[in-house]
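Here are my notes on the model you sent over. Have it open beside you while you read.

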Amino acid sequence: MISKDLQKALIEQLNKEYHSAYIYLGMSAYCSKEGFNGAANWFLIQYQEEVSHGMKMFKYLEDQDVAIELPEIKAVKVEYKSLLDVFKKSLAHEQSMTKNLNNLSDLAMKDKDHATYSLLQWYVTEQVEEEATVGEIIDHIKLVGDNGYGLYTIDKELAGRSFVDPTA
Ligand code: OFO
């Protein structure tokens, strides 16, 4: 039985996963509007990944007989300053998600809730990969600066990303 406090925090995290998906949909829309179709594809896949994170949490809560609540998902922005800006915001967002997941892990540990702790470790590990990937893209964008051909090349690389369900 998951403690009431932890249940509440997990429901909040479920909402945050879908909010993340929504944020990435907004980022994809921005990139598409600016003609960065590869980056738009990249963020669309990021959106799908976050939906899969949400589904994993949703199924876990159902399996644990937690009464599901689905509060409103906050609106997101669709305007950014540049390709660099949108990826920097993406990294900052993932860093805040990591903080949330670490706090949730602390709570599960305090409750000696091993099942929930184990679930959360999956998310924590996933965050390491996500932050590293976005960090690398930021480095590449910084390297090319305002060079149009450089940005074009990066965008082409981002177009190659395809969805692989991380929870499968
Ligand atoms: Fe990348 O945020 Fe989900 O967990």
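1. K8 is exposed, at 56% relative accessible area (buried is under 20%, exposed over 50%, partly exposed in between, with a 1.4 Å probe and protein chains only). Its side chain meets that of E12 in a salt bridge, 3.6 Å from N to O (a side-chain nitrogen of Lys or Arg within 4 Å of a carboxyl oxygen of Asp or Glu). E12 is partly exposed at 39%. Both residues lie in helix α1, 4 residues apart, about one turn of the helix (helices are DSSP runs of H or I, at least four residues, numbered from the N terminus).

2. A word on the source: this is a predicted model, where local features need pLDDT of at least 70 and side-chain atom pairs count only at pLDDT 80 or more, while totals for chains, interfaces and linings use all residues. Residues are numbered from 1 along each chain as its sequence is written, and side-chain values use heavy atoms, with hydrogens and water left out.

3. The structure holds 5 salt bridges. In one of them, E79 pairs with K33, the closest N and O atoms being 3.4 Å apart. E79 sits in the loop between α2 and α3 and K33 in helix α1, so this pair ties together parts 46 residues apart in sequence. E79 is partly exposed, at 46%.

4. Now look at R161 and E49, whose closest N and O atoms are 3.3 Å apart in another salt bridge. This pair links distant parts of the chain, with R161 in the segment after α5 and E49 in helix α2, 112 residues apart. R161 and E49 are both buried.

5. Which residues touch the most other members of the largest nonpolar core? They are C31, F43, L83, V86 and F87, out of 22 residues (such a core is a set of buried Ala, Val, Leu, Ile, Met, Phe, Trp, Tyr and Cys residues joined through side-chain atoms within 4.5 Å). Helices α1, α2, α3, α4 and α5 each supply at least two residues of this core, and the largest share, 5 residues, comes from α1.

6. Leaving aside neighbours within four places in sequence, F43 is in contact with Y24, M27, S28, C31, V86, F87 and S90 (contact means heavy atoms within 4.5 Å).

7. Don't skip S20 in helix α1. With 0% relative accessibility, S20 counts as buried. Beyond residues up to four places away in sequence, S20 touches E50, H93 and M97.
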